[in-house]
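Let's learn to read a model one feature at a time. Keep the sequence and the picture side by side.

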Amino acid sequence: SEPREIIKLYTDIINKNGEARVSAERIENIKGLFYLAKSGFGEVDAYENPSTGEVLSFLLMLYAKGTANSVLCAASNEWRRHGIMAWTYYNSIKIARDRGMTTYDFNGANSPLGGDSKHAFGAAPELFFEINFNQVKKP
């Protein structure tokens, strides 16, 4: 997948949920995270509709000190009802384990919106990392 496909799904969800328009700065930050993950510091696990090629869900994770950090994830509203987000998390946990990660940080387990789904996997609220976007460079 490419950053534009991930960004399209993300902005479509934000717009359909009636939230504020996604800023150009946020889009640039998402691109930076995408390129950081693709540069060997993580993974972007995206699932596409086999008929259309449209991205249905994705999870962007970054690796640090044996930990996979779930940084950004989304699923289309239609496919979310079919459990694709739980499936995406499950597969990202397997990918992280296969890359030698021993801890999986769900990042957002303390969120009042959606944190409960992360608790089903055993997540607990705790801050583990900060990202300085000024140091993210495209490959």
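**Reading the predicted model**

Q: What should I know about the model before going on?
A: It is predicted: local features need pLDDT of at least 70 and side-chain atom pairs 80 or more, while totals for chains, interfaces and linings use all residues. Residues are numbered from 1 along each chain as its sequence is written, and side-chain values use heavy atoms, without hydrogens or water.

Q: How many helices and strands does the protein have?
A: Helices (H or I, at least four residues) and strands (E, at least two) are DSSP runs, numbered from the N terminus. This protein has five helices and four strands. Along the sequence, they run α-α-β-β-β-α-α-β-α.

Q: What share of the protein is buried?
A: Buried means under 20% relative accessible area, exposed over 50%, and partly exposed in between (1.4 Å probe, protein chains only). Of the 139 residues in the protein, 40% are buried. Gly32 is an example from helix α2. Gly32 counts as buried because its relative accessibility is 11%.

Q: Is Lys65 buried or exposed?
A: Lys65 is exposed, because its relative accessibility is 87%. Find Lys65 in the loop between β2 (55-64) and β3. Then look at its backbone. Lys65 has a positive phi of about 50°, although it is not a glycine.

Q: What share of the contacts join residues at least 24 apart in sequence?
A: Contact means heavy atoms within 4.5 Å. Take the contacts between residues at least 6 apart in sequence. Of these, 52% join residues at least 24 apart.

Q: Which residues does Tyr47 touch?
A: Start with its place: Tyr47 is in strand β1 (residues 42-48). Leave out residues up to four places away in sequence. Tyr47 then touches Glu54, Val55, Leu56, Ser57, Trp87, Thr88 and Asn91. Tyr47 is buried because its relative accessibility is 16%. Its C-alpha lies 9.0 Å from that of Ile84, which is 37 residues away in sequence.

Q: Which side chain makes a polar contact with that of Tyr47?
A: A polar contact is a pair of N or O atoms within 3.5 Å; within protein, one must be able to donate a hydrogen and the other to accept it, and sequence neighbours count only if both atoms are side-chain atoms. The partner here is Asp45, at 2.7 Å. The C-alpha atoms of Tyr89 and Asp45 are separated by 9.2 Å, at 44 residues apart along the chain. Tyr89 counts as buried because its relative accessibility is 4%.

Q: Where are Asn49 and Glu54?
A: Asn49 is in the loop between β1 and β2. Glu54 lies in the loop between β1 and β2 too. Asn49 is buried, because its relative accessible area is 18%. Glu54, at 44%, is partly exposed. Beyond four places in sequence, Asn49 touches Glu54 and Leu56. On the same rule, Glu54 touches Tyr47, Glu48 and Asn49. The C-alpha of Glu54 is 9.6 Å from that of Lys8, 46 residues away along the chain.

Q: What lies 3.1 Å from the side chain of Ser76?
A: The backbone nitrogen of Trp79 lies at that distance from a polar atom of the Ser76 side chain. Ser76 is in the loop between β3 (67-75) and α3 (77-80). Ser76 is buried because its relative accessible area is 12%. Past four places in sequence, Ser76 touches Leu9, Ile13 and Leu56.
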